[in-house]
Amino acid sequence: MTTSLTELQRLAEKFETAASEIRDRASWEALRLEWTGRKQGLLKSLMGRMKDILPEERRDYGQGVNRLKVRVEERLGELGQGLADAERKAKQGQRALDVTLPGRRPEIGSLHPITVVNREIEAIFTELGYSVADGPEVEDDYHNFEALNFPPGHPAREMQDTLFLENGMLLRTHTSPVQIRTMLARENPPIRVICPGRVYRNDNDLRHSPMFHQVEGLAVAEGITLGDLKGTLEAFVKRLFSAETGIRLRPSFFPFTEPSAEVDVTCPFCAGGGCAVCSQTGWMEILGSGMVDPRVLAGCGIDPDRYSGFAFGLGIDRVAMIKFGIPNIRMLFDNDERLLRQVRI
Ligand code: DAH
């Protein structure tokens, strides 16, 4: 081998040794400049020496320099890639371990306003000795109307805007059918239950949604009077709203109670003084109630000469709107997170 080829060989070995010692970006950069630098790089000057090489050796020399160039570029490329990978990993590692960064707050869900109110109502009545009962949302005419003393063709049926199903069933228009189911299922009074649940009516505007929530209450025992109804409801609204809340009973009509009363609470926003929320009346209607009609008791196998009872039906959505100051019932069912996030228990 000629001197120049031997020298190429030696330089190649030197490069491999230097390359194997690269540990960081700075030494890699220095080696890259030393070899491939445009102006003073070793490869460049090896090429430049071509003219000094004996003509018969030029071909071998040229090929040798080329091979070396390919090898140098390939190896530098590999090493550069390796360094870049290591740098990226190091950065990620730092990120995972940086305990000084602020923590990420976990998203905690909140209860729906209806659920909050529902739970409160259940808690209050459970303390008063009531149990919680459940009934089907798809009902039959008997439980939703007939047993509640709505005779066929009675105008009170039409007030309920019933949604009928094709199979002759209907979507319950109130939670009162659960009264019937409870009385039919129990052996004997005393009975004290509340029945919360969804109800449906063909009705849809700012104050009405085709699906809404009610809670039915029923107490049947010997000697129950209208005074018990009033006392129970008074205790209930004071717990639900505030100790200052008062109620008033207005005579009304429901087929399944006699006498019947609609119940208003003093407006929680103005304490009865009159404001925009209560249309200056100082009162808000929240439920219907009354003494269970003797015909309803008898229809459920309960002797009306021995037992009496009261019942009430409360709009849960309405209570939630009042408690949380929600102006439009549909906001309760849009599932807008901005509203849901504001409810905290
Ligand atoms: N079911 C009635 C309604 O949806 C509300 C109601 C009124 C329930 C009087 C009762 C009651 O239990 O006694 O309009």
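Start at the second largest pocket of this predicted model. Its volume is about 210 Å³. Select Leu5, Leu8, Gln9, Gly64 and Arg67: of the 10 lining residues, these lie nearest the pocket centre. Now colour α1 (3-20) and α4 (55-97), each of which supplies at least two residues of the lining. The largest share, 5 residues, comes from α4.

Zoom out to the domains. The domain assignment gives domain 1 (3-95) and domain 2 (114-342). Their centres, taken over C-alpha atoms, are separated by 88 Å.

Now for the salt bridges. A search of the whole structure finds 22 of them.

Select Glu137 and Arg198. Their side chains meet in a salt bridge, 3.3 Å from N to O. The pair links distant parts of the chain, 61 residues apart. Glu137 sits in the loop between β1 (131-132) and β2 (138-139), and Arg198 in strand β5 (residues 191-200). How accessible are the two partners? Glu137 is partly exposed, at 26% relative accessible area. Arg198 is also partly exposed, at 39%.

Move to Arg181 and Glu139. Here the side chains meet at 2.7 Å, N to O, in another salt bridge. Arg181 lies in helix α8 (residues 177-185) and Glu139 in strand β2, so the pair ties together parts that are 42 residues apart in sequence. Glu139 counts as buried, because its relative accessibility is 1% and the cut-off for buried is under 20%.

Then go to Arg341. Arg341 forms a salt bridge with Glu337, and the closest N and O atoms are 2.9 Å apart. Arg341 is partly exposed, with a relative accessible area of 44%.

Last stop: Asp293. Find this residue in the loop between β9 (283-292) and α10 (294-299). Asp293 is buried, yet has no salt bridge. Which side chain of opposite charge is nearest? That is Arg295, 5.2 Å away. A salt bridge needs the nitrogen within 4 Å of a carboxyl oxygen, so Arg295 does not qualify as a partner. What does Asp293 touch, leaving out residues up to four places away in sequence? Show Asn149, Pro255, Phe256, Thr257 and Glu258: these are its contacts.

Technical notes: Residues numbered from 1 in each chain as written. Predicted model: local features only at pLDDT ≥ 70, side-chain atom pairs only at ≥ 80, totals over all residues. Heavy atoms only, no water. Helix = DSSP H or I, 4+ residues; strand = E, 2+ residues; numbered from the N terminus. Buried < 20%, exposed > 50% of the residue type's maximum accessible area, 1.4 Å probe, protein only. Lys, Arg positive; Asp, Glu negative; His and termini not counted. Contact = heavy atoms within 4.5 Å. Domains from an automatic or database assignment. 1 Å grid on protein atoms, 1.4 Å probe; cavity = no way out; pocket = protein on both sides within 12 Å on 5 of 7 lines; lining within 4 Å. Points joined across faces, edges and corners; volume = space filled by probe spheres on them.
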